[in-house]
Amino acid sequence: MATIKEIAELAGVSRGTVDRVLNHRGFVNADTEKKVLEIAGLLNYQPNKAGMALAAQKKKYVIGVLLFGEENPFFDEVVDGLNAKLEELSIYGCTVLLHRIPFDLHTQLKRIDMLREEGIHGLILSPYNAAEVALKIDELWEAGIPCVTVNTDIPNSRRIAYVGSDYHKCGRVAANLLQLVASGIIRLGIVTGSHNILCHEERIHGFSDYVKANKLPVQIMDIRENNDDDYQSYDVVSAMLSEHPKINALYFTAAGVFGGCRAIQNSSLSKLPVVITFDAVPSTLEMLKSGIVTATICQHPEEQGARSLSLLVDYLLTNKLPEQPLVHMDLEIKIKESF
């Protein structure tokens, strides 16, 4: 493995100059910087982990984490993955400031400002889909605070990476699943978390696009929001089934599955509808095992938490943008017979 001394000798400069180039400390002639970086690349130079750890401990990196769902068990698993990775990266002495908030634009904007005032060096964010949030991310970037979006994205911003599912693909998979398990004319009710969350909307768009492309006999009877809340979901599904008694399939694009399924159980339907959901939180698995949920599509929340923290810390240590700014999770389908 190449050393700073070897790079300095080949470049004809001091070790201090090489150190400033490799650690992005500036004050180096542009031609010299280019020469040093080329030689480092040719020699496949890798920073010394012990040195990186020492530098990180001196800087005492503070990572802000701002997630949706104060009581959403999916994000509990995202946090579990993040904490496991934080322990793995303990050599770098990072600390995390975690906030869980509801689907509310003004709350998110205020919490971002609060975290910035608390001196964070980077932010992991599940963004509300609004121009104001994109602007906040851009402002953070200009201030030297990189952002990684997790679980849902805001691509028209200067975030350095997104970790989560390809949600348009999720919607297509859900529609294909419905095609496989249902027959005849499908009268569908869609229960979504929030129209202001990009991943929820993309799950609807992907579903609709697949239906149109394959000319499926699907009639969307109603689309309603539940804000990822089981109590709201119970009310929403109860009203939907009451107003549209011919509904024979339900598609949940977000959380609130347990409450919605309880409404199905308490309805007067003569036949249970086909139910397609996302994620494998305990309450959804309970409904899957009992036969209320037909199939659920899983997206590895713990890996989302771990990868988002890993990417952000890597950037803080090396100042290099991720080679793959879009990190999509593999999709896994679970049915009752999976257990």
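1. The backbone nitrogen of Asn 196 lies 3.0 Å from a polar atom of the Ser 194 side chain. Please keep in mind while reading that this is a predicted model. Ser 194 belongs to the loop that runs between strand 6 (186–192) and helix 9 (198–213). Leaving aside residues up to four places away in sequence, Ser 194 touches Phe 103, His 200, Glu 201, Glu 225 and Asn 227.

2. Next, the charged pairs. The structure holds nine salt bridges. As background, side chains of opposite charge can pair when their charged atoms come close. On one side of Arg 224, the side chain meets that of Asp 222 at 2.7 Å, N to O. A second salt bridge joins Arg 224 to the side chain of Glu 243, at 2.6 Å, N to O. Arg 224 sits in strand 7 (residues 218–225) and Glu 243 in helix 10 (residues 230–243), so this pair ties together parts that are 19 residues apart in sequence.

3. Within that network, how do the accessibilities of the members compare with the burial limit? Buried means under 20% relative accessible area. Asp 222 has 14% and therefore counts as buried, whereas Arg 224 has 21% and counts as partly exposed. Asp 222 also lies in strand 7. The side chains of Asp 222 and Arg 224 are joined by a polar contact of 2.7 Å as well. Further along the chain, and not counting residues up to four places away in sequence, Asp 222 touches Leu 188, Gly 189, Ile 190, Met 240 and His 244.

4. The side chains of Glu 88 and Lys 85 meet at 3.0 Å, N to O. Both residues lie in helix 5 (residues 73–88), three residues apart, which is about one turn of the helix. Are the two partners buried or exposed? Glu 88 counts as exposed at 54% relative accessibility, while Lys 85 counts as buried at 15%.

5. On to the rings: the structure holds five aromatic pairs. Phe 74 and Phe 75 have ring centres 5.4 Å apart and planes at 90°, so the pair is edge-to-face. Phe 74 counts as buried at 5% relative accessibility, and Phe 75 counts as buried at 4%. Trp 141 and Tyr 315 form a tilted pair, with 6.0 Å from centre to centre and 40° between the planes. Trp 141 is in helix 7 (residues 131–142) and Tyr 315 in helix 13 (residues 301–318), so the pair ties together parts that are 174 residues apart in sequence. Of these two, Trp 141 is partly exposed, with a relative accessible area of 22%, and Tyr 315 counts as buried at 11%.

6. There is also an aromatic cluster to look at, formed by Phe 207, Tyr 251 and Phe 278. Which residue places its charged end over the ring of Phe 278? That residue is Arg 203, whose charged end sits 3.7 Å from the ring centre. Elsewhere, Lys 289 lies over the face of Phe 339, at 5.0 Å from the ring centre.

7. Finally, have a look at helix 12 (residues 282–289), where Thr 284, Leu 285, Met 287 and Leu 288 are buried. Why do these four belong to one side of the helix? They cover an arc of only 160° around the axis, which puts them on the same side of helix 12. The elements covering the buried residues of helix 12 include helix 11 (257–265), strand 9 (274–278), strand 10 (295–298) and strand 12 (332–335). Just after helix 12, Gly 291 takes a positive phi of about 90°.

Definitions and conventions. Residues are numbered from 1 along each chain as its sequence is written. This is a predicted model: local features need pLDDT of at least 70, side-chain atom pairs count only at pLDDT 80 or more; totals for chains, interfaces and linings use all residues. Side-chain values use heavy atoms; hydrogens and water are left out. Buried means under 20% relative accessible area, exposed over 50%, partly exposed in between (1.4 Å probe, protein chains only). Helices (H or I, at least four residues) and strands (E, at least two) are DSSP runs, numbered from the N terminus. The arc is that of the directions from the helix axis to the C-beta atoms. Contact means heavy atoms within 4.5 Å. A polar contact is a pair of N or O atoms within 3.5 Å; within protein, one must be able to donate a hydrogen and the other to accept it, and residues adjacent in sequence count only if both atoms are side-chain atoms. Rings of Phe, Tyr and Trp (its six-membered ring) pair if their centres lie within 6.5 Å; planes under 30 degrees apart count as stacked, over 60 as edge-to-face and the rest as tilted. A charge sits over a ring if NZ of Lys or CZ of Arg is within 6 Å of the ring centre and within 35 degrees of the ring normal. A salt bridge is a side-chain nitrogen of Lys or Arg within 4 Å of a carboxyl oxygen of Asp or Glu.
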